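Q: Please take a close look at one strand of this model, with its partners and its turns. Then place that strand in the context of its own chain and of the other chain.

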Amino acid sequence: MMISRFILAGVLAVVVVLGGTSTYMYLGSKQSRVAAPPEKPTAATPRAQATTLPGAIYLTQSGAIYRLSAGRFHQITPEAGWSQPSLAPNGSSLLAVKYGQYWSDVYVLSLFGTPTRQLTSNQARQGMNDPSLNHWSFFPRLSQDGGTLWMTYDGLKCDGCFDVSPAVYSMPFGGTIRQARAWTDGGYYSGGDQQPIPVPGGVIYTKYDYGSKYDAKAENKLVGMMWFSNRAGAYGRELTTPSEDCRTPSLSPAGNQAAMICTYGKQVSYLTIASWNGSTLGPRTTILTNQMVAQPTWAPDGSGIAYLAPAVPDGPFQLWWLPKAAYTAPPPSPPPTPTPGGPHNGPLPTPTPPPPIPPVKPIQLTTNNGFDATSPIAWLG
Amino acid sequence: MAGAFAYFLPAAKAAWDTTGAVVRVTPSPTDLFTTSPTATPSATPAAAITGAFTILLLGSDDDSKFYSDHVLTQSMILVRVVPSSKQVTMLSIPRDLYVHLSTGGFGKIDGAYSYGGAGAAIATVEQDFGVHVDDYIWVGLLGLIKLIDAIGGIDVVTSNPVLDDYYPADIYSSWPYGYERVAVLAGPQHLDGIHAMQYVRSRHGDLQSDLGRSQRQQQVLLAIRQKAKQLSPADLPAMSTAFGGELKTSIGLSKVAQLLPLAGSFDNPDAIRQIILASPYTHGGAPDGSLYPDWGAILPLVHQYFP
């Protein structure tokens with residue numbers, strides 16, 4: 001009798017331990033995984049769809065630059081504050097920004113991520129404890145001839161005020177910041193002029209400012225607008241309206257179309273394209289409305305647009321691909337050909353309508369990554 | 001049973017510590033403007049979840065510069081939820097609003113919590129704005145950061161670059177009076193807790209100062225609400241551990257359970273109304289850099305959306 005009691009107690013103890021542990025593990029398995037950290041792009045993860053993009057794409061995650069080529073990611077810099085890559089016009093090197101504690105600098109890197117030259121020195125001198133003596137450089141770009149560095153730079157800060165509105169600057173490639181010229185004034189407590197894209201005859205950039213300054217009907221809140229300026233110090237010209245709230249311009253390889261992100265004042269981001277004739281943007285066509293799209297980038301061969309967007313609502317940003325067919329009208333169907341064999345005496349047969357063309361959808365290229373959606377994508381053809 | 005008990009023990013402890021807080025509403029000595037003199041928010045039985053309700057959200061700098069429980073509320077947002085029509089209205093109250101405090105005298109509204117805790121903050125809002133507050137939620141700086149990290153970050157379209165050369169370096173610093181430079185770039189992005197905090201807290205680079213900050217706070221609140229729809233009850237232990245005393249609320253556990261599914265049913269972003277009390281509702285010139293309210297303009301607006 002005593003033995004059986006001990007056995008029963010032991011069995012019950014085992015049941016309690018096993019049941020409790022398994023219940024604990026079961027409940028743990030029911031967590032939503034919303035806080036799971038993104039994987040490094042180089043981790044072998046199954047792709048949502050097997051699509052290999054042409055050339056090499058450079059993009060950023062967690063302070064490292066990655067190159068995607070032939071369907072594989074390669075980490076080309078350590079996780080050390082690297083961001084915002086762009087390509088030299090001849091495709092021989094990269095420009096990128098490297099963040100320090102309170103500053104950021106522009107570097108030249110080889111296509112394999114080795115820094116070869118530092119182009120700015122924005123860290124305050126040793127011993128200067130005031131953090132405002134440092135500077136930011138963002139969104140570096142080289143002119144088509146490779147001779148001019150364009151960037152956003154907070155060089156117009158005033159003493160004794162809080163305004164840190166960066167302006168669009170140009171400086172000789174390899175020159176010093178003293179040779180830099182401010183093309184814009186950066187605005188006043190607005191967030192400044194960002195992401196310059198040099199174009200023939202000037203520069204396109206995103207100006208952040210209070211919408212009511214430009215449109216009496218607009219709300220008095222900060223919005224993004226595409227602007228164009230054709231010379232240093234000129235006032236510049238609006239390309240989009242405050243109510244469109246557009247940003248992050250990207251020009252097509254032929255230079256006749258612009259892709260951008262517009263929010264229309266909401267917590268959404270629409271992928272919008274428009275023709276560009278060198279001085280104005282044409283009618284807008286919104287081609288994606290159901291994703292939080294960022295950093296649209298044209299394929300060098302014109303075959304489509306890559307962009308960043310979450311794969312699940314409120315998730316980290318993944319790489320997506322939108323084939324050209326998704327935003328270009330299909331070619332007109334050929335006219336019906338006459339029936340061979342001479343004149344037809346009877347009633348003409350009803351032509352069979354062509355089958356409807358299925359809509360082309362964006363293709364998700366990565367699943368578990370977390371790309372920096374404020375960092376432009378560079379694409380080498 | 002034992003496993004479930006062990007699994008939810010941290011959540012239960014945190015819930016015991018942080019929810020259902022009894023609020024002693026501090027009545028105004030003169031009861032000016034009071035429309036609900038018997039208001040005792042926590043004592044009000046939880047209305048059926050089909051009925052409309054109003055929550056006061058409070059956010060505080062609670063770093064080591066301040067004594068605990070004597071902190072200012074840099075963020076005060078009244079939220080009205082109407083489940084039947086799936087409408088949400090968020091009204092940001094400027095922290096510098098010069099009002100009649102429920103604890104006596106006049107001052108900036110952000111001081112009410114400092115003088116008398118959540119009860120005084122609620123009573124001040126109730127008497128000055130003529131609304132009834134059903135419940136409150138208070139979150140400290142670190143609490144917001146931990147909350148956003150615990151839910152894996154949020155997706156926000158940051159409306160403008162937030163660049164601040166004098167952002168307070170007081171969260172992870174042993175010297176809470178220092179400054180640091182921060183830069184949150186504009187556009188759609190996935191923000192972790194620390195960068196979301198920089199986005200909603202910075203005010204030096206915005207001409208609208210606290211009002212611009214209020215707009216950003218509402219953006220982040222909506223993003224948190226959106227992300228919360230993906231949570232499951234099994235996430236509660238991790239969430240409660242993350243808070244670590246940085247959250248207080250008068251909402252009881254039973255009401256939390258009722259609210260979670262309700263949050264998921266609000267899908268239409270157009271049904272969310274955001275109100276900022278900028279000019280003409282407020283204007284400068286009040287003592288200590290505070291803002292004078294134009295009650296003649298504010299009260300009709302408030303009564304329209306917070307009946």
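A: Helices and strands are here DSSP runs numbered from the N terminus, a helix being H or I over at least four residues and a strand being E over at least two. The model is a predicted one, so that local features need pLDDT of at least 70 and side-chain atom pairs count only at pLDDT 80 or more, while totals for chains, interfaces and linings use all residues. Residues are numbered from 1 along each chain as its sequence is written, and chains are lettered from A and ligands numbered from 1 in the order in which they are written.

S21(A) has antiparallel links to two strands of chain A, S20 and S22; pairing requires at least two DSSP bridges between two strands. Strand S20(A), residues 294–298, is joined to S21(A) by three bridges, and A:Thr297 stands opposite A:Ala306. The two strands form a hairpin with five residues between them. In that turn, A:Gly302 has a positive phi of about 75°.

Strand S22(A), residues 317–323, is joined to S21(A) by seven bridges, and A:Trp320 is the bridge partner of A:Tyr307. This hairpin has six residues between its strands. In the loop between S21 and S22 of chain A lies A:Asp314, whose phi is positive at about 65° although the residue is not a glycine. A:Asp314 counts as buried because it has 21 C-beta neighbours inside 10 Å.

A:Phe139, however, is placed within a strand, S8(A), residues 137–142. It has 27 C-beta neighbours inside 10 Å and therefore counts as buried.

Elsewhere in chain A, four strands form an open antiparallel sheet in the order S4-S5-S6-S7. Strands S4(A), 82–87, and S7(A), 115–118, stand at the edges with a single partner strand each, so one side of each has no neighbour in the sheet. Neighbouring strands of this sheet are turned by 30° against each other on average, direction ignored; the axes behind such angles are lines fitted to C-alpha atoms, for helices over the stretch in contact, and angles between N-to-C directions run from 0 to 180 degrees. Three antiparallel bridges link S6(A), residues 104–109, with S7(A), where A:Val108 stands opposite A:Arg117.

Chain A as a whole comes to one helix and 24 strands. Buried residues make up 42% of its 381 residues. Of its contacts (C-beta atoms, placed from the backbone, within 7 Å) with a separation of 6 or more, 46% involve residues 24 or more positions apart.

Chain B has eight helices and 14 strands, and 52% of its 307 residues count as buried. Among its contacts between residues at least 6 apart in sequence, 69% join residues at least 24 apart. Helix H2(B), residues 112–129, has 17 of its 18 residues buried and is followed by B:Gly130, with a positive phi near 65°. A cis peptide bond, with omega near 10°, leads from B:Ser279 to B:Pro280; B:Pro280 lies in the loop between strands S12 (272–276) and S13 (282–283) of chain B.

Between the chains, 52 residues of chain A are in contact with 45 residues of chain B. On the chain A side, helix H1 (2–29), strand S14 (222–229) and strand S16 (246–251) each supply at least two residues. H1(A) gives the most, with eight residues. The residues of this side divide into 26 nonpolar, 20 polar and six charged, where Ala, Val, Leu, Ile, Met, Phe, Trp, Tyr, Cys and Pro count as nonpolar, Asp, Glu, Lys and Arg as charged, and the others, Gly among them, as polar.

Terms used: Two residues are in contact if their C-beta atoms, placed from the backbone, lie within 7 Å. A residue is buried if 20 or more other C-beta atoms lie within 10 Å of its own, exposed if 12 or fewer, and partly exposed in between; C-beta atoms are placed from the backbone.
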